[in-house]
Amino acid sequence: TAITTTKSDGGVVIKWTAPTVGANQLPITDYEIRYGSSYAAGTPVAKTKSTVVVSDFFVAGTRTYWIVARDTYGNESTPVSATFEIQNPGTPTAITTTKSDGGVVIKWTAPTVGANQLPITDYEIRYGVDWATGTLVGIAKTTTITHSFFNASERFYFIKARDIVGNETATAGIESFTIQNPATVTGATIMINEEDALLTFS
């Protein structure tokens, strides 16, 4: 009873309270934990003599954990369950694009990691008309990356965060950068003498 599921650095922590052993019940020797749609069809997580176990993280979604107590003769209790949800990382925000000597500098703010989200390991950056068909700029472990210059045009950059099991931001952050053609030459004058013509600009 009193099953709880929480996130730790190492995985999903499942805790429960040992049932009371009644006058006609045998001592409990261990517990078996599984996950899935039911205990009978579930995937084994662990067998333990304690009232806590840590399960691996998993791809974004909800997982149902089942627990049974087993006594000295192998009799099992009715399975009880608890769920835990893992959510995709949030969207990178406050994206900026600026020019530097080395290229277009793209910076962003890391999304907050909530109680049901996993630590972020890196970011994927693409450019194009959308994320799905975009061209890879690079993978960054920090919140900045520099991309090479390009022909005069507007380019859209897309950024997604990725967590420790590969879950990605559902909706990419987006920002653009425009490179313009050089300004038109102005102030041209022609000076003519008897031998040659001299064209100057100001």
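So, Ala 82 counts as buried, because its relative accessibility is 12%, where buried means under 20% relative accessible area with a 1.4 Å probe, protein chains only. Quick caveat: this is a predicted model, so local features need pLDDT of at least 70, side-chain atom pairs count only at pLDDT 80 or more, and totals for chains, interfaces and linings use all residues. Residues are numbered from 1 along each chain as its sequence is written, and side-chain values use heavy atoms, with hydrogens and water left out.

Back to Ala 82: you'll find this residue in strand β7, residues 80–86, strands being DSSP runs of E, at least two residues, numbered from the N terminus. Leaving aside residues up to four places away in sequence, Ala 82 touches Ile 3, Thr 5, Arg 63, Thr 64 and Tyr 65; contact here is heavy atoms within 4.5 Å. Thr 4 sits 78 residues from Ala 82 along the chain, yet their C-alpha atoms are 6.9 Å apart.

Okay, cores. A nonpolar core is a set of buried Ala, Val, Leu, Ile, Met, Phe, Trp, Tyr and Cys residues joined through side-chain atoms within 4.5 Å. The largest one has 15 residues, and those touching the most other members are Ile 106, Trp 108, Ile 125, Ile 145, Tyr 157 and Ile 159. Two or more residues each come from β9, β10 (120–127), β11 (135–140), β13 (153–163) and β14 (173–179). Apart from that core there's another, with 14 residues, including Val 12, Tyr 31, Tyr 65 and Ala 69.

And Ile 145? Its contacts, again skipping residues up to four places away in sequence, include Val 104, Val 105, Trp 108 and Val 137.

Methods
Helix = DSSP H or I, 4+ residues; strand = E, 2+ residues; numbered from the N terminus. Buried < 20%, exposed > 50% of the residue type's maximum accessible area, 1.4 Å probe, protein only.
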